Amino acid sequence: MSEIVLTPPYRLDSATAPGFEATSLANIAGSERALIDFSAVDFVSSAGLRGILMVAKRLRSKGGRLAVCGLRPAVAEVFAISGFSAILDIHPTRDQALAALRQ
Amino acid sequence: MAAAATLKLAATRDELTRCDAWFQAFAAAHALPERAAAEVRLCLHELAANIALHGSATRICLRVVLERGQVVITIIDDSTPFDPVVASTAPLSGPLEDAAIGGLGLHLVHRTADVLAYRRRGDWNEVRLIRRLGQRTAEASVREGRSAGN
């Protein structure tokens, strides 16, 4: 089974996170492994983090896995401060994240 | 010489994008350091989103001032009293299954602002946030902010 790759919008904030969360949950409905690629994401707020957490929880609840990759420095800082760095599987590149998901 | 800009918003979700664009334009026009600009941008979004999405506010007034090596943001809204300085906050912790996400936005603000102060002025909430542009110590000053009530 292949992985679902999710690409959040350039700004993942209170304005865009609800749409991202709904689309992502629909996209992973038939999958157990997903990757969120942040390489085109400039900004993530707590609302965006909430959407990411919902995706992670949904996958975990059915025994699946989530990996994330491509965090720009400002986004990586938000992940670190929020505690997300400690609970998510974070990789520098998409290839590395996909390799980890396929192990 | 100080540089300043102001913006008035309706307290709605759609206006948050305009708020973000306004600050981004200010940061670019005054060549704010990248990390400081990103942190102020985050704080501004979190505070404005709290007001627009969770409070009873109808209007939000924003002011940004760049002076003496620091960015000062003032946010005024007409919601019922809400003090983001003393509101409870928390990072995520524990296993993923149990992770809850209340108070995360203000946690980000408390961790990245150098000073955060609140006061009630008549029918308005006024929040002032300061981010210094120079180097700072690891113990940045949520504590200082907590005591800076005036």
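Student: How many salt bridges does the rule find across the interface of chain B and chain A?

Tutor: This is a predicted model, and side-chain atom pairs count only at pLDDT 80 or more. One such bridge joins the side chains of Arg41(B) and Asp42(A), at 2.7 Å from N to O. Across the interface of chain B and chain A, the number of salt bridges found is three.

Student: Which helix gives the largest share of the side of chain B that touches chain A?

Tutor: The contact draws 28 residues from chain B and 24 residues from chain A. On the chain B side, H1, H2 and H3 (104-112) each supply at least two residues. The largest share, nine residues, comes from H2(B).

Student: Which three residues supply more than any other three of the area that chain B buries against chain A?

Tutor: About 2,200 Å² is buried between chain B and chain A, with 64% given by carbon and sulfur atoms. Of the area that chain B buries there, 27% is supplied by Leu92(B), Leu96(B) and Ile101(B).

Student: Why are the buried residues of H1(B) on the same side of the helix?

Tutor: The buried residues of H1(B) include Leu16(B), Trp22(B), Phe23(B) and Phe26(B). They pack against strand E2 (11-12) of chain A together with elements of chain B, among them helix H2 (34-54). Turned away from the buried side is a face that carries the exposed residues Ala28(B) and Ala29(B).

Definitions and conventions. Residues are numbered from 1 along each chain as its sequence is written. Chains are lettered from A and ligands numbered from 1 in the order in which they are written. This is a predicted model: local features need pLDDT of at least 70, side-chain atom pairs count only at pLDDT 80 or more; totals for chains, interfaces and linings use all residues. Side-chain values use heavy atoms; hydrogens and water are left out. Buried means under 20% relative accessible area, exposed over 50%, partly exposed in between (1.4 Å probe, protein chains only). Helices (H or I, at least four residues) and strands (E, at least two) are DSSP runs, numbered from the N terminus. Contact means heavy atoms within 4.5 Å. Buried area is the accessible area (1.4 Å probe) that two parts lose on being put together, summed over both. A salt bridge is a side-chain nitrogen of Lys or Arg within 4 Å of a carboxyl oxygen of Asp or Glu.
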